[in-house]
Amino acid sequence: MAKSPETEHPNKAFGWAAKDKSGLLSPFHFSRRNNGENDVTVKILYCGVCHTDLHTIKNDWGFSYYPVVPGHEIVGIATQVGKNVTKFKEGDRVGVGVITGSCQSCESCDQDLENYCPQMSFTYNAIGSDGTKNYGGYSDTIVVDQRFVLRFPEGLPSDSGAPLLCAGITVYSPMKYYGMTEPGKHLGVAGLGGLGHVAVKIGKAFGLKVTVISSSPNKEDEAINRLGADSFLVSTDPQKMKAAIGTMDYIIDTVSAVHALFPLLGLLKVNGKLVTLGLPEKPLELPIFPLVLGRKMVGGSDIGGMKETQEMLDFCAKHNITADIELIKMDEINTAMDRLAKSDVRYRFVIDVANSLSRM
Amino acid sequence: MGKVLEKEAFGLAAKDNSGVLSPFRFARRETGEKDVRFKVLFCGICHTDLHMIRNDWGMSTYPLVPGHEIVGLVTEVGGKVTKFKTGDKVGVGCMVGSCGSCDSCTEGLENYCPKMIQTYGFKYYDDTITYGGYSDNMVCDEAFIIRIPDNLPLDAAAPLLCAGITVYSPLKYHGLDKPGMHIGVVGLGGLGHVAVKFAKAMGTKVTVISTSDSKRGEAINRLGADAFVVSRDPQQIKGAMGTMDGIINTVSATHSLLPLLGMLKHKGKLVMVGAPEKPLELSVMPLIFERKMVMGSMIGGIKETQEMVDMAGKHNITADIELISADYVNTAMERLEKADVRYRFVIDVANTLKPTP
C-alpha cells in the first residue's frame, strides 16, 4: 500500500503546499527522512519566494507533481549532522539552494557542476535518490546531503541573504563563465526584479558600469539611488534606445516573458555577449544579422554548481550584497504569489518561516 | 562632387535591380602612393553578389560592379608600398578600407570597423563609389591586399578571399580548431565545402549536416568529411545528438535551430555565418540547461585573412570551382540562385572579359 506523505518517512514535518494547479498554498503535513551519515538536518529560519515557485505551483511548465511544497532559497540552523559530515556542525548557519542531489560521479559532478549532472535532483518537485518526492523550504525542517548544503558566511544576514541561493547564483555563474567581470566594462541588466536587482549589485561589485534596461520608468530612482546602477534605459523609449546602440559589452537578460531580442542585441558592442536567464513559455525570435555583423553571442545559464554557489555567497558577504526583500508571514504567501505574478515586489518576498509557520 | 578618376577600366555591372549584368566602362583612380594596382585574372562569384545585384538588402546603388574574391598579378605599386612588387600574385577580398583607429581596427578586425569600406558599392575616401572584381584591373590600398601563396592555383584560390575567411575566422576565434574536436558543418555550398576542408586540415572530425542525402558521397569521398547527417531524418539527428563541439552554420534560408542545438555537446557553440533575413525561432532551453551558445561571424580581419590563405597554401586547400567565361555570368547567377553549382563559380576574367568595341 502506498505510503502517504505523512508516513513515508519517520520524522514529522510541516509546511505549506499547493495541491493543484490553482496554485493555492495551504497547510500540509508530511515527513522527512532520518538524518543519514552524510546528511545535515536544517531547522528552517527563512525561505525566499522565487518566480520558479510560482510557475511550479501553477504547473506552468507541465511537470508539477502535486502536492508541491516549494522553496529553494532556504536559510536555517543545522540541528543534526551525520557522522561523515565534516564541513558542518550543529548550530552552524547554513543554506540550501535549488538542488539537493546529483550522481556525484559523472564528468559534470567531478567538475563541481552538479547543476549539469543528468541525474541532478531539485530541492522540490523532484524525485530524490531514495525514490521519494522532494519537498522544499516552505516548511519547518529539511534533511540534505552535506554536498548540497552551503555555509552561510558571517556578516551575511539570513533573511536578505536567502534569495542569493537562487537569484544570486543564477546571475553570478554566467557573469563568471562568460567573462563578464572585467572592471570598467559596461553591463546592461534587462529586467529589474528578483534576478535583475541582484545582478546590478554583483555587477557593481565586479567594478562594472551598470545600466538597467527596463520598461518601467518608475524604477529609475530606485535603480540609481538605491541599487547603485550608473544609468537607466527605458526600453520603450526609441530615442533613448537608439542613443545607446553599441555601448554595452555584456547584457544579463532576466526577462522571463517572451520578449524581443533585437533591441537588446543592438545595444551590444562588437563581440558583445547577451546571456538570457528567463524561461519564457514560447521560443524567442532570434535575428541573425546582428549576430553576424557584430560577432555577437547569445547564451544562457542555469543556477550554478555547489562550489561556485559557496564562492558567490562568500563574494556577497565580502561586498555586503544582499537581496532587497519584503519579509512575509507564512499565511501571507498566497497574497504574495498574486503580487509576484504582477511583479509587485521590491524585489523578493522572503518567508519568515521560524516565526510564522505554526503547526496546525 | 567626387574626385575625377583617370584610369580606364572595363567590367560587368548591374544597372538596376533586375540584376542583369552587362558590359560597363568606368574609371578607377590612379595608383596612389600606398596603392597596389593589379591585372585581374579571376574573380569568384559569392552569393552576396547575387543579393547585391538584385538589391535584396536595400543598400545597392547602380551601376554596381560586384566581385570580392579577386585575384591577379601586380602591375604597379605606389611609392610608399613596401610589401608588394610588380608581378606578385595578390588578391582582394571583401574590404578595401577602414578607419584604422577604432578598437576593431587596432585589433586587426577591420571587418567590424563601423567605417569599413566594402570592395564594391561603398563610398571610398575620395567620395567615389567602389567597383569590384568583375573587371579588368583593380587598385587597392596595400593594407587590404592579400598575398597568394605560389603553390595555389589562382582560380581555385579566389573564393578563399571571402568563403575561406568567413569559415576560418570563427573556427579559430571560438576555439573550434583543436585536433580531435567534432565540428558540424550545415549546408554544403560555397561556404560549407570550404569549411569542411579547413576543419579537416585543423585535425577535427567533421560531420556535414544537409537537408538531402544527395551530397553524401561527395562530402565523404571527395571533401573528406567523416560523417553525414540528413537534417530531415529524425533517426539520423537522434544518432548525432550531443556529439559536436561546434557547428558552422552556412545556411541563409529560414530553418530550425533546435535540431542543430541538440547536436551540440554541453557548452557547444552554434556559429551562424549564413544570414537569414528573417529572425529564427530560438528555444532558450538548450542555452539555459546545457549552456550552449549561438553566435555570429562575418568574414575576418586582414591579418587573419592572410593567415588563412597561408594555411591554405600549406595544406593545399582551394575551393571546388566551375570556371566560367564572362558572358556566362547571368546564367551562372540563375544557377547560383538554385544552388546548382559544385561549389563556386569563378569568372575567368583575364581570358574572357573583353571590352566591347
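Me: What is the bridge partner of E285(A) in β15(B)?
Reply: In this predicted model, the bridge partner of E285(A) is E281(B), a residue of β15(B).

Me: What makes β15(A) and β15(B) count as paired strands?
Reply: Pairing needs at least two bridges. Here there are 3 bridges, and the strands run in the antiparallel sense.

Me: How many residues of chain A and chain B are in contact?
Reply: On chain A, 33 residues are in contact with 33 residues of chain B. The cut-off for such a contact is heavy atoms within 4.5 Å.

Me: What area is buried between chain A and chain B, and what share of it comes from carbon and sulfur atoms?
Reply: About 3,000 Å² is buried, and carbon and sulfur atoms give 67% of it. Polar contact is also present: 6 residue pairs between the chains, both residues at pLDDT 80 or more. Several elements of chain A each supply at least two residues of the side that touches chain B, among them α4 (167-177) and β14 (268-276). The largest share, 5 residues, comes from α9(A). By type, the residues of this side of chain A are 20 nonpolar, 9 polar and 4 charged.

Me: How many salt bridges are there between chain A and chain B, and how many over all chains?
Reply: Between chain A and chain B the count is 0. Over all chains, the search finds 37.

Me: Why is the pair E326(A) and R339(A) called a salt bridge?
Reply: The term requires a side-chain nitrogen of Lys or Arg within 4 Å of a carboxyl oxygen of Asp or Glu. The closest N and O atoms of E326(A) and R339(A) are 2.8 Å apart.

Me: What is phi of I303(A)?
Reply: Phi is near 40°, a positive value in a residue other than glycine. I303(A) is in the loop between β16 and α10 of chain A.

Me: What ipTM and pTM does the predictor give the complex?
Reply: The ipTM is 0.92 and the pTM is 0.93. Chain B averages a pLDDT of 96, and 99% of the residues score at least 70.

Key. Residues numbered from 1 in each chain as written. Chains lettered and ligands numbered in written order. Heavy atoms only, no water. Buried area = accessible area lost by both parts, 1.4 Å probe. Polar contact = N/O pair within 3.5 Å; in protein donor to acceptor, adjacent residues only side chain to side chain. Helix = DSSP H or I, 4+ residues; strand = E, 2+ residues; numbered from the N terminus. Nonpolar A, V, L, I, M, F, W, Y, C, P; charged D, E, K, R; others polar. pLDDT = per-residue confidence, 0-100.
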